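User: I am new to reading protein models. Can you show me how to go about it?

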Protein chains: 2
Amino acid sequence: MAPSRALSTGLRTLRQFPPLPLPTIHRRFISAYGYEQAKALVLSGHGEPKDVLSLHGHSISPPTGDAVTLRFLASPINPADINQIQGVYPTKPTWTTTLGTPNPIAVGGNEGVAEIIAKGSSVEGLNKGDWVVMKKQGFGTWRTHAQTTSSEVVKVEKEGLKAEQVGTVSVNPCTAYRMLKDFTPLKEGDWFMQNGANSGVGRAAIQLAKLWGYKSVNVVRKRENGHEDLVRDLESLGADVVVTDEELKSKPFRDQLKEFTNGGREKVKLALNCVGGPLVNDMAKHLAPGSPVVTYGAMSKQPVQLPMGLLIFKDINFHGFWVSRWADKNPKEKEACVSEILTLTREGKFQDTPMDPVTWNFDTKQDELVKAVQGTLEGFRSGKGIFMFGKT
Amino acid sequence: MAPSRALSTGLRTLRQFPPLPLPTIHRRFISAYGYEQAKALVLSGHGEPKDVLSLHGHSISPPTGDAVTLRFLASPINPADINQIQGVYPTKPTWTTTLGTPNPIAVGGNEGVAEIIAKGSSVEGLNKGDWVVMKKQGFGTWRTHAQTTSSEVVKVEKEGLKAEQVGTVSVNPCTAYRMLKDFTPLKEGDWFMQNGANSGVGRAAIQLAKLWGYKSVNVVRKRENGHEDLVRDLESLGADVVVTDEELKSKPFRDQLKEFTNGGREKVKLALNCVGGPLVNDMAKHLAPGSPVVTYGAMSKQPVQLPMGLLIFKDINFHGFWVSRWADKNPKEKEACVSEILTLTREGKFQDTPMDPVTWNFDTKQDELVKAVQGTLEGFRSGKGIFMFGKT
């Protein structure tokens, strides 16, 4: 990298220039807030997280004009983030040379909450200390600091909320919210069915459904240990029925479901699927004619097989939902959705998903951070992995 | 069967009472039209057509009140009729003892056109000589005559039409019509793609699309003999592009399609599927994001396998269409659809599908009729099998 280039973008890499007392060197740039020393988990090409992620340091100049400088508070590690790093996700990372590297790099992560620590003179409606979430995916949220234009972020009311609650609201709860609302009109007393009920989306769907008066059949894999605890946990969130995938396809379940649904007078009108494979058919069989099955994930990596009879004669219809596409098309609705869920959270009516925080301080080593990402990929975390940034 | 019971329903079986000069025996029942000697291809249980179909004779008394007596003119043999006989169709045949048998039987066939040859005194809007089609499936159309209430039939303007054109309008052309209209808004210049393009529905879709300004990619199986003739035939109906299933999945096709669609500026916005299996994915890949795939048949007997990426990231959505359900829910729209297609036929703008007529006279033997049905099942007919009734 040519130092002159880094300087011309107002950024410099820590790798090449160890942090120096900035006022001395860069006196002419000093604003009221000064430079920020930032670190980011970046990639310069696709691959397994452990092979391609590295910790990149750079500095951020004081914001001018419409720019704001952000200090991240909490950024989750979502499965989609990992697929994006692997190059198997339809939305590519945002490659850039503005972080002071000669070749483009991209910052990992798409979701998070940050605090505004400085703003340019023309920024309106945002102030130092405000909390913001990202308007679109591809922002790169696995970093201590970032500078962007004010139009790329949305302010959230932080009152009464923890950073990890705000930092995880945009993807999973919004996905659950829209899938329950946008595919078929459910009214109070109607049922929906979902697999992967213990996922972040699943837990959000249970709670939102309960709040809106819908009932839920929740399908989970049988756990060797702690299965009863899981069932109780989901029931405490509001799950009406919890069954294993084996129970779902057993003969007695049809009769049981009839009992649950008031002799079949209440209908199961929607199915949410994040697993794929034959489980989807086992669910679809219990749906009322004309019902949609909405797929938002494929944890089993098996395709859905559609028997023609379900499609033609039972009019079951199959859709996908991708919250990123929805949010990009409906920015106002996304804001409203985030705000509504945060209000519910503040009121104690909506619980965030169990999390497995990874502390990220200025001196946290690259290895620890990369391991946290790789660990999410390998599925050995006890909850949702989330980077929690210390005050630096 | 107790003869008294047969007489009490105003019907008698020919099997047990060979036809006698009716005026002599039943003088007190004689109306201006008299009794009709009817024959019907019936089943008393499910199975292969060759095993369960038999020719059943009975007589029909003069209509009273709201009843009309029909003489059938043309009744097609649709694949669904055969599935219904086999017991693998969701709509069961209409079992009845009103045709003079002690145990319930059902008349095969669901589509057809008949002439009104007599009516009861309270029938309005229908007259002797009018042509009618059936309002709902399950009527039983493989018979020379039937008696029903006037509300079960819909009058069609027969002017300028052949019986076989009217007798085949309700299922295939209506299916094509609704699938092109009801799943996504197509505008002039938009494309759709379909497999089984040489089927009755496929040929109807090509023609309707042409009339409405839509363009079509038509997928057919490669024929060992006469493939070029088939291609020319479909092109003469208005097909813009005809490809084999092998060509569809070949690499060059993507570039060819781009050429056809004006460099990709015109979009393929809908797919119609009556085959199933991997062919559906080969088609779905060429669709614009958000497009529906509508399944109305499963000739390959293979399920559709949905890769999650198509569902989630490309927003391709999968639906079924069953014209019987649609017609039962939308009787007025069905009438309008039938009438519009018959107007187009009369104007020479819509060609019926190639047919393989089976003449059914009063003395046609059971074997010939059953063989015609079994032949359709085994797929060796050169066109759509259709019973054409002689004047009896």
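Analyst: Start with contact: it means heavy atoms within 4.5 Å. Keep in mind that this is a predicted model. Now take helix α7 of chain A, residues 200-212. Its buried residues pack against α6, β9, β10, α8, β12 and α14 of chain A.

User: How many residues of α7(A) are buried?

Analyst: Buried means under 20% relative accessible area. In α7(A), 11 of the 13 residues are buried, so the helix is largely enclosed by the rest of the structure. Among them are A:Gly200, A:Ile206 and A:Trp212.

User: What span does helix α7 of chain A reach from its first C-alpha to its last?

Analyst: The helix reaches 18 Å, close to the 18 Å expected at 1.5 Å a residue. Just after α7(A), A:Gly213 takes a positive phi of about 85°.

User: Now the rings. How many aromatic pairs are there over all chains?

Analyst: Rings pair if their centres lie within 6.5 Å. The count comes to 22 aromatic pairs over all chains. A:Tyr177 lies in helix α6 and A:Trp212 in helix α7 of chain A, so the pair ties together parts 35 residues apart in sequence.

User: Which charged end sits over the ring of A:Trp212?

Analyst: That of A:Lys181, 4.2 Å from the ring centre. In chain B, the charged end of B:Lys39 sits over the ring of B:Phe362, 4.3 Å from its centre.

Methods
Residues numbered from 1 in each chain as written. Chains lettered and ligands numbered in written order. Predicted model: local features only at pLDDT ≥ 70, side-chain atom pairs only at ≥ 80, totals over all residues. Heavy atoms only, no water. Helix = DSSP H or I, 4+ residues; strand = E, 2+ residues; numbered from the N terminus. Expected span 1.5 Å × (residues − 1). Buried < 20%, exposed > 50% of the residue type's maximum accessible area, 1.4 Å probe, protein only. Phe/Tyr/Trp six-rings, centres within 6.5 Å; stacked < 30°, edge-to-face > 60°. Lys NZ or Arg CZ within 6 Å of the ring centre and 35° of its normal.
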